[in-house]
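Let's take a walk through a protein together. Keep the picture open and follow along, one stop at a time.

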Amino acid sequence: MPFKDILLNDGRHIPAIGFGTWKIPKDVASGQVEQGIDVGFDHIDTAQVYRNEEEVGIALKESGLARKDFWLTTKWSGVDDKDPETSIKESLEKLKVDYVDLYLIHHPRLCKGDIEGTWKKLEKIKKEGYAKSIGVSNFSKEDLQELIASASIKPVVNQILLHPYVISSTTPLLQYMSSQHIVPEGYSTLIPLTSKPGGPVDKPVQKIADRLNVKPEQVLLAWSKAKDAVIVTTSSKKDRLEGYLDVGDIVLTPEDVKAIDDAGAKGELWEERRKKLAVGAKWTAAATLVGYALWSRL
Ligand SMILES: NC(=O)c1ccc[n+]([C@@H]2O[C@H](COP(=O)([O-])OP(=O)(O)OC[C@H]3O[C@@H](n4cnc5c(N)ncnc54)[C@H](OP(=O)(O)O)[C@@H]3O)[C@@H](O)[C@H]2O)c1
């Protein structure tokens with residue numbers, strides 16, 4: 001069963017898994033995006049700051065896909081202090097399209113304290129047809145509340161960090177977004193494999209992978225799907241990309257999701273304690289140094 005598109009609050013449907021282009025070097029970006037499209041991805045996620053919009057545009061042109069047959073997201077990242085109106089026009093030119101499907105504010109700090117004014121600029125971009133849908137990224141619950149209080153168009157998505165080691169602190173945000181019909185797009189879901197291997201999440205993920213005869217990365221992406229998130233992931237490898245698309249067929253049980261959530265919460269708690277201990281140790285070291293300096297003056 002392939003992935004089913006997800007309904008947004010503006011009535012449009014977004015493909016439930018996207019191919020991300022962050023950190024892909026310029027010289028291989030076109031090739032990797034082409035590979036993603038060949039494998040079956042019809043949703044590409046880029047950003048002004050990734051500095052590869054031009055290469056993404058080349059890959060999309062080369063693919064021969066009609067404009068209506070792919071979903072394209074880019075983000076206003078405030079590069080060179082350019083405002084959203086200038087940035088979207090430059091992005092469209094680089095991407096070689098007349099519109100993007102989704103335009104996001106990459107981070108709330110780009111609004112420099114004026115979420116209301118910045119969002120108005122995105123609303124104008126949508127009204128002028130440069131973006132079919134508009135949304136945000138890395139917004140907290142408070143940022144969203146501030147935005148919604150003055151918005152005439154609601155953001156359709158909030159693209160956020162979503163992996164088991166942040167799930168316990170992120171759940172209130174997800175619940176708020178659900179109450180507002182703002183769809184989560186989850187990125188860096190594979191962090192337990194890519195940068196935190198050896199943590200408590202490995203065990204339940206491997207156990208589920210063995211039972212379902214799938215790969216650990218597929219279990220983690222299926223976990224994101226179970227959170228009703230649009231998956232934003234990537235790979236340089238064809239077989240891995242094929243495996244990601246097969247996640248459409250993988251359904252975790254509520255017990256699987258809970259086992260991963262619980263292990264993630266354990267890791268989050270452990271991380272917090274480690275940070276506190278590191279801060280404590282720094283203070284102790286500083287106090288020892290000050291003590292020694294005072295003592296040596298006597
Ligand atoms: N809005 C934002 O602020 C923001 C921030 C970060 C990311 N994003 C978006 O989200 C996309 C994905 O982000 P991400 O790269 O952090 O996501 P990710 O899905 O967590 O990681 C993708 C990486 O995982 C590696 N991988 C897959 N399976 C693995 C395994 N079993 N063991 C070790 N490594 C494995 C892949 O490497 P191989 O190439 O070797 O397969 C790939 O580079 C980005 O490209 C970007 O579009 C947005």
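We'll start with the overall span, then visit a helix, a helix pair, a ligand and a single histidine.

First, some ground rules: this is a predicted model, where local features need pLDDT of at least 70, side-chain atom pairs count only at pLDDT 80 or more, and totals for chains, interfaces and linings use all residues. Residues are numbered from 1 along each chain as its sequence is written.

An unreviewed UniProt entry annotates residues 17-263 as "domain: NADP-dependent oxidoreductase"; such annotations may be inferred rather than shown by experiment. The end C-alpha atoms of that span lie 25 Å apart, and the span is 47% helix and 16% strand. Helices (H or I, at least four residues) and strands (E, at least two) are DSSP runs, numbered from the N terminus.

Now find helix α2, residues 53-63. Its buried residues are E53, E55, V56, G57, A59 and L60, where buried means that 20 or more other C-beta atoms, placed from the backbone, lie within 10 Å of a residue's own. What covers them? The cover includes α1 (26-39), β4 (43-45), β5 (71-76) and α3 (84-95). Just after α2, G64 takes a positive phi of about 75°.

Next come two helices that cross. Packed helices are described by the angle between their axes and the distance between the axes. Here, the axes of α4 (residues 115-127) and α5 (residues 141-150) come within 9 Å and cross at roughly 65°, with axes being lines fitted to C-alpha atoms over the stretch in contact and angles running from 0 to 180 degrees between N-to-C directions. I115, E116 and W119 of α4 meet D143, E146, L147 and S150 of α5; a contact means C-beta atoms, placed from the backbone, within 7 Å.

Look for the ligand now. It is surrounded by 23 residues, and the closest are G20, Y187, L190, T233 and S235; a residue counts as near if its C-beta atom, placed from the backbone, lies within 6 Å. The elements giving two or more residues to this shell are α7 (191-194), α9 (216-226) and β10 (230-233). The largest share, 3 residues, comes from α7.

Our last stop is H106, which the unreviewed UniProt entry marks as "binding site". H106 sits in the loop between β6 (100-105) and α4. Why is H106 called buried? Because it has 20 C-beta neighbours inside 10 Å. Leaving out residues up to four places away in sequence, H106 touches A47, V49, K75, W76, S77 and S137.

Definitions and conventions. Buried ≥ 20, exposed ≤ 12 C-beta atoms within 10 Å, placed from the backbone. Contact = placed C-beta atoms within 7 Å.
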